[in-house]
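Here are some notes on the model you asked about, in numbered points. Please read them with the structure open.

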Amino acid sequence: MQKEGNSNWYTACLRVRYQESDQMGVVYHANYLNWFEIGRTEMIRQMGYTYRKMEEQGLLLPVTGLDVKYHKPARYDDEIMVFTRITAFSGLRLSYEYDIRRMFEAPEVSLGMEKQLWTQDESLPGERLVTGSTQHVWVNADWKPVRLDKTASELYDILEKVWLSGKE
């Protein structure tokens with residue numbers, strides 16, 4: 001059974017690199033998809049797990065769906081915060097939501113910021129640039145669907161705990 005809703009937001013910070021932008025200094029649209037991946041990878045890391053460990057267990061999490069909406073462009077040298085949260089979770093599938101924002105010179109939201117978790121009820125800082133979502137399915141090395149709760153119960157328990165923490 002897939003559980004719907006929203007967990008808390010996790011964060012990943014980055015600065016727009018020159019190679020990610022065009023001659024006008026505007027970020028190329030496909031780079032936001034890379035930032036989505038950074039967001040979910042860092043979220044898993046902040047939860048105490050890594051993609052490397054998942055892969056060592058024979059687990060893969062390919063993207064099966066993608067939605068993206070561009071609100072404003074990011075530009076070369078902007079400080080960016082990628083907010084990521086789980087929006088649907090089951091033993092077979094996982095969906096994420098992203099909110100990419102430009103940060104300003106407030107000390108609590110700079111690249112060196114310590115806060116990694118924002119509750120559902122908190123308003124996110126910065127200027128909204130891009131929002132989106134990705135849908136994923138758990139598969140093994142042969143690309144056959146697997147149930148996470150049966151294959152990697154430790155990871156399943158971690159994800160479930162994160163999922164439920166946003167429900168309190």
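1. The protein chain has four helices and seven strands. Along the sequence they come in the order β-β-α-α-β-β-β-β-β-α-α. Keep in mind that this is a predicted model.

2. Of the 168 residues in the protein chain, 47% are buried. The chain exposes about 9,000 Å², and carbon and sulfur atoms supply 49% of that area.

3. Consider contacts between residues at least 6 apart in sequence: in the protein chain, 80% of these join residues at least 24 apart.

4. The largest pocket holds about 160 Å³ of space. Two elements, α1 (31-46) and α2 (51-56), each give two or more residues to its lining. The lining consists of 13 residues, and those nearest the centre of the pocket are Glu37, Tyr51, Glu55, Leu61 and Pro62. Sorted by class, the lining has eight nonpolar, two polar and three charged residues.

5. Pro62, one of the residues nearest the pocket centre, sits in the loop between α2 and β3 (63-70). Is Pro62 buried or exposed? Its relative accessible area is 15%, and the cut-off for buried is under 20%, so Pro62 counts as buried.

6. Which residues does Pro62 touch, leaving out those up to four places away in sequence? They are Gln135, His136, Val137, Val139 and Trp143. Thr134 is 72 residues from Pro62 along the chain, yet the C-alpha atoms of Pro62 and Thr134 are separated by 9.8 Å.

Notes: Residues numbered from 1 in each chain as written. Predicted model: local features only at pLDDT ≥ 70, side-chain atom pairs only at ≥ 80, totals over all residues. Heavy atoms only, no water. 1 Å grid on protein atoms, 1.4 Å probe; cavity = no way out; pocket = protein on both sides within 12 Å on 5 of 7 lines; lining within 4 Å. Points joined across faces, edges and corners; volume = space filled by probe spheres on them. Nonpolar A, V, L, I, M, F, W, Y, C, P; charged D, E, K, R; others polar. Buried < 20%, exposed > 50% of the residue type's maximum accessible area, 1.4 Å probe, protein only. Contact = heavy atoms within 4.5 Å. Areas by Shrake-Rupley, 256 points an atom, 1.4 Å probe, with all protein chains shown as cover.
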